[in-house]
Amino acid sequence: MANMMPQAADNGRMPLIAPPLIEARGVVKRYGSLTAVDGLDFAVMPRDFQGFLGPNGAGKTTLMKMIYCLAEPTEGTLRVFGIEVREDPRRIKARLGVVPQENNLDPDLSVWDNLMIYCRYFGLRGPAVERRARELLDFMELWERRDTIIMHLSGGMKRRLVIARALLNEPEVVVLDEPTTGLDPQVRHLIWDRLLELRDQGLTFLLTTHYMEEAENLCDSLNIMDHGHIIAAGRPLDLVRKHVGEFVLEMVADPELEARITREHPDFSRQRSGQRLYLYAPTSEALAPLVSVYGSRESRLRPTSVEDVFLKLTGREIRE
Amino acid sequence: MTSSATPPHPSWPVPPPPAPPEREPAEERAAVEFALRPPRGLTAVGRRFLQVWYRDAYVFRRLWKTNLLPPLIEPYLYLLALGLGVGFYISTIDGVDYLSFVAPGILVTTSILQATFECTYGSYFRMAFQSTFDAIVATPVNPEEVSLGEICWGATRSLINAGALTVTLVILGRVPLLWIPVILALQFVAGLHFGALSLLITSRVRQTEYFNFFLSGVVFPVQMLTGAFFPLSRIPDILQPVAWAVPLTSMIDLTRGIMLDRLDWTALPQLAYVLATTVLFAELALRSMRRRLIA
């Protein structure tokens, strides 16, 4: 895959001031009385790998659909490649790669035919795009399967094919809506490797996911969404430092014990979830004394992760 | 603003509140943004609709044996049952033998049913169960082009089956050879008409059960009113205007006029009516489908 991204792969340097590839200002999306996205502002710069995290119904998929023009914003401006999404979707979509949440491949056709039909929608035909399709199938380790009908592919193969399909038109930005949901760890790691390789070649990515590990592995910056808002944004490590500190003590504690801890150590940031109590601190030393006093077999002192930030900000209750 | 809101003395006349702005700020902003709103309906269609047609044709070609044979056999059964079975008991009808009379009716109903099935169950299956339309609309193809591609593919199915049936009718000596291209063109238009109407329905339904209502509640009963199987003169006077209001009646009358060599001046307004309603249904289907696909 030496030369997958001809137009994006410059000599490793970006111009000093590059315009954002995607720019949202006050973007609102309403479906009747339901407000799915409620005033989003963000920018995606060239070569970003931006993640959008959020509980179900936070508005992630709606946002992705607005970017690839399958939904229209109700208010605000959303520009992709400098083009307002309601004005010229065709020009935007020609330069985007889309991996939707659902594998919408043509089930009756073979792997190869799926790609050959799809590239026609972009007005692409002939040896050049066939060569590219072959490279992409190699890249996604699907070349051996090129004649297999889609319904006989495994879930992981379908997903890899959808990603390959999204790259056919040599996009500048790729939108990934939950690219690895429901896949086994081997396939997930394969997909992550490939996406990082593409990022290193200069591609820009937008990702939604429920896997914090995925967000941490892939994304340079994260947006945590809830109820249609971005409630926190930044680099993963900065988010961890800012919102939870780098260590957490996770313990089983009844309200009585919690009251006692609160009384004796009021300066720790705390969160309760059912039986469990979470105490956050910037260092493990700060938490160590508590382990010896209140600790039990269920206590764990561990480094924090984006997941702790996520659960702290969006709450630990289940969303339906 | 703030000082005038609280008058200095209660007895002073309170100035009327400022008139509300004509439009809310959000609407104002929207009006500016939408200055360049892209066209809608048929005017939004570019040549990419052909790629949607190609996709359907490609899948059809792969599965042609199961797709093609049953609908091909059905009209022959009608031809046998009506033309030879019922026809045996009828010496002449409307001045000709029954097979000659009923052949155009069977031809047109075959055409419209093909497009109707394709653009109801077929399109709905692609749209709702396979998310094919969503996949296509995420590319530079727009919803209007997807819709027109589907309608044209429905009409192509009509043309395929009408073509096969026409070969048989030629062998039976019921078709003037020189007029075959015109007859087939008419079948294609009939396919476009019913494809557009069907896709309009498809764009509005949430379950396939509604198609049963459309087919057994509208298409099949209306067929009985349109002179496909017996002359319209046998219909009660009160139903005559209803029958002629249905464009299908004109499609059958035109096809019969050609096949029995009795075209007259009424063909022109009938053709215009068929074409106009086809364009109307297509425009409505394209607009409705956009609303369905772009949330």
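What is shown here is a predicted model, and its local features are discussed only where pLDDT is at least 70. Chain A contains eleven helices and 14 strands, and its C-alpha trace spans about 75 × 45 × 45 Å along the principal axes. The chain is divided into domain 1, residues 22-239, and domain 2, residues 245-303, and the C-alpha centres of these two domains of chain A are 39 Å apart. Of the 320 residues in chain A, 41% are buried. When contacts in chain A between residues with a separation of 6 or more are considered, 71% of them join residues 24 or more positions apart.

Chain B has another make-up: it holds twelve helices and zero strands, so its pattern along the sequence is simply α-α-α-α-α-α-α-α-α-α-α-α. Buried residues account for 39% of the 295 residues of chain B. Among the contacts in chain B between residues at least 6 apart in sequence, 79% link residues at least 24 apart.

Returning to chain A, one can pick out an open sheet of four strands, which are arranged in the order β2-β1-β4-β5 with antiparallel pairing. Its edge strands are β2 (34-44) and β5 (83-84) of chain A, each of which pairs on one side only. Within this sheet, strand β1 (residues 22-31) and strand β4 (residues 75-80) of chain A run antiparallel to each other and are paired over five bridges. A place to look for this pairing is A:Ala24, which stands opposite A:Leu78 in β4(A).

The next topic is the nonpolar interior. In soluble globular proteins, nonpolar side chains tend to be buried together. Here the largest nonpolar core has 149 residues, and those with the most contacts inside it are A:Ile67, A:Tyr68, A:Val175, A:Leu206, B:Ile151, B:Ala196 and B:Ala285. The element that gives the most to this core is helix α5 (residues 98-129) of chain B, with 14 residues. Because domain 1 (22-239) and domain 2 (245-303) of chain A both give residues to this core, the core lies between them. To follow one of its members, take A:Ile67, which, leaving aside residues up to four places away in sequence, touches A:Ile22, A:Val80, A:Val175 and A:Leu206.

The buried residues of α4(A) are A:Val129, A:Ala133, A:Leu136 and A:Leu137. An α-helix has 3.6 residues a turn, so residues three or four places apart point the same way. On the other side of α4(A), A:Pro127, A:Ala128 and A:Arg131 are exposed. The cover over the buried residues of α4(A) includes α3 (111-121) and α5 (155-167) of chain A. Just after α4(A), A:Glu141 takes a positive phi of about 55°.

How many residues of each chain take part in the contact between chain A and chain B? There are 27 residues of chain A in contact with 28 residues of chain B. On the side of chain A that touches chain B, the elements giving two or more residues are β4, α2 (89-94) and α3 of chain A, and the largest share, four residues, comes from α2(A).

Most residues other than glycine have a negative phi, and most peptide bonds are trans. A:Phe81, although not a glycine, has a positive phi of about 55°, and A:Phe81 lies in the loop between β4 and β5 of chain A. Because A:Phe81 has 17 C-beta neighbours inside 10 Å, this residue counts as partly exposed. A:His227, likewise a residue other than glycine, has a positive phi near 50° and is placed in the loop between β9 (221-226) and β10 (229-234) of chain A. With 16 other C-beta atoms within 10 Å, A:His227 is partly exposed.

Definitions and conventions:
Residues are numbered from 1 along each chain as its sequence is written. Chains are lettered from A and ligands numbered from 1 in the order in which they are written. This is a predicted model: local features need pLDDT of at least 70, side-chain atom pairs count only at pLDDT 80 or more; totals for chains, interfaces and linings use all residues. Domain bounds come from an automatic or database domain assignment. A residue is buried if 20 or more other C-beta atoms lie within 10 Å of its own, exposed if 12 or fewer, and partly exposed in between; C-beta atoms are placed from the backbone. Two residues are in contact if their C-beta atoms, placed from the backbone, lie within 7 Å. Two strands pair if DSSP finds at least two bridges between them. A nonpolar core is a set of buried Ala, Val, Leu, Ile, Met, Phe, Trp, Tyr and Cys residues joined through C-beta atoms within 7 Å.
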